[in-house]
Amino acid sequence: MHDTAAIMRASEVKNASFIGKEVTIRGWVHRLRKQKENSFILLRDDRGGVIQCVLPTDKAAGLTIESSVQVTGIVSQDPRAPEGGFEIKGKELKIFNIAAEYPIGEYQSDELLLDKRHLALRTRKMIAMAKVRASVLHYGRRWFVENGWMEVTAPTIVKGAVEGGSTLFKLRYFDQDAYLSQSAQLYLEAMIFSLGPVWSLTPSFRAEKSRTVRHLAEFSHLEAEAPWVTLEDILKVEEQLVSYVIQNTIKERAEELEFLKRDVSGLKKVEPPFERVPYGRAIEILRSKGFQVTEDDGTKREIQFGDDLSIDSERELTKDADKPVFVVGYPIAVKPFYVKEDPEHPGIGLTADMLAPRGFGEITSGGQREDSIDSITSRMVKEGLKPEAYEWYLDLRRYGSVPHGGFGLGIERLVRWITNAEDIKDTVLFPRTMSRVEP
Ligand code: 4AD
């Protein structure tokens, strides 16, 4: 380690009590303007904060964008100084590395920024995104800790599908086939018998063959599962968790959200309860608006009971909402084998998706699990799964099965909504999509 005792950061230095004092700050040349006598460096510290440093041009002559430096100088206030009106009149400059010609300029194509993501992480936008994301993860964890849920982790190399075979990534695992996990759910279900309410944050993988602004091939999946809960209990957990995360994040990251030009007035209204719209009612609303679905062969027809909800229909249902909406009770035919059928409404599942407002679409999915071994086995067969491959999971129905349920929340979907990001790729530092597995 270099001597860090006396090193300060931009956010500390930008304070009236430092005016006239000598400080040392260390970081990277974020922007650079060289004039005849003086050079103006916008220095970015290792927390993403920036402050202008003014140095005699003969001292700063060799500097380039992203060179790493340490500046010692006197803090002064100058209304012309960008980013808060403070600057450092540099006396000493120590250079750690003169950066080669930097491939990222001020205006770059999205593709180039993705190709150079390891460098694009230094942009103000990505720094702000990363900080919002960190808060979402922090407050998500904190909600569970405060509410007595135990954190667990589950394997990500697995033998079976949870969310349908079409999005499975297959891999060779020593001398057998295995898959990358789509969801920790089945493992969490095993844990509730001895650990009670549990939650996990693990990567989930989906071989999504479509390019959309809300799908990643690898995403951060926050999942929870608890014994003896009803669908309504689960929905209460979801709305409390999401409200808590949002209110704390917009408070902690007000500056970053402002930088991202996110108007948070709608987000401030997010508090329980969220509206519950029965699936049948959602279909009625969409039909009353003449909403159409496109068949696989391209023909269009009016949406009808039994159809899954597409992103367009989700957008239609939430376009005027400020708070998320739960669509409750999807037909079990459009949901996976583990969804419990509502004993009072055959064909309907005790399940709900939370749709973020204003068209951001589904951010959680959850509900009660089928707890009868006969029903779940026949549902597996109907879905084309081999029950033999799920023997350990079926044991959970053989030995002391209880009503239980849980949900999964896509962290990137939530961050996308909070930040108003156009594309989900912006919410993750190194995105994985159909066409991108590097850097
Ligand atoms: O709706 P999904 O597929 O549900 C499950 O995986 C359940 N087994 C979860 C559970 O009950 N434990 O996924 C849950 C959430 C979605 O609502 C969405 O937010 C996110 O995970 N998600 C994705 N996020 C980004 N890219 C993808 N390809 C995603 N697929 C799902």
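Which helices and strands each supply at least two residues of the shell around the ligand? In this predicted model, local features need pLDDT of at least 70 and side-chain atom pairs count only at pLDDT 80 or more, while totals for chains, interfaces and linings use all residues. Residues are numbered from 1 along each chain as its sequence is written.

The elements in question are the strands β12 (218–227), β18 (361–368) and β19 (404–410), together with the helix α13 (411–419). Helices (H or I, at least four residues) and strands (E, at least two) are DSSP runs, numbered from the N terminus. The ligand is surrounded by 24 residues, of which Ser183, Gln185, Ser365, Gly408 and Gly410 are the closest; a residue is near a molecule if its C-beta atom, placed from the backbone, lies within 6 Å of it. By class, the shell holds 11 polar, 7 charged and 6 nonpolar residues (Ala, Val, Leu, Ile, Met, Phe, Trp, Tyr, Cys and Pro count as nonpolar, Asp, Glu, Lys and Arg as charged, and the others, Gly among them, as polar).

The domain assignment divides the chain into domain 1 (7–97) and domain 2 (117–427), with bounds that come from an automatic or database assignment. Their C-alpha centres lie 45 Å apart.

The loop between α11 (373–382) and α12 (391–398) contains Gly384. Gly384 is exposed because 10 other C-beta atoms lie within 10 Å (12 or fewer count as exposed, 20 or more as buried, and values in between as partly exposed, with C-beta atoms placed from the backbone). Between the C-alpha atoms of Gly384 and Phe337, 47 residues apart along the chain, the separation is 10.0 Å.
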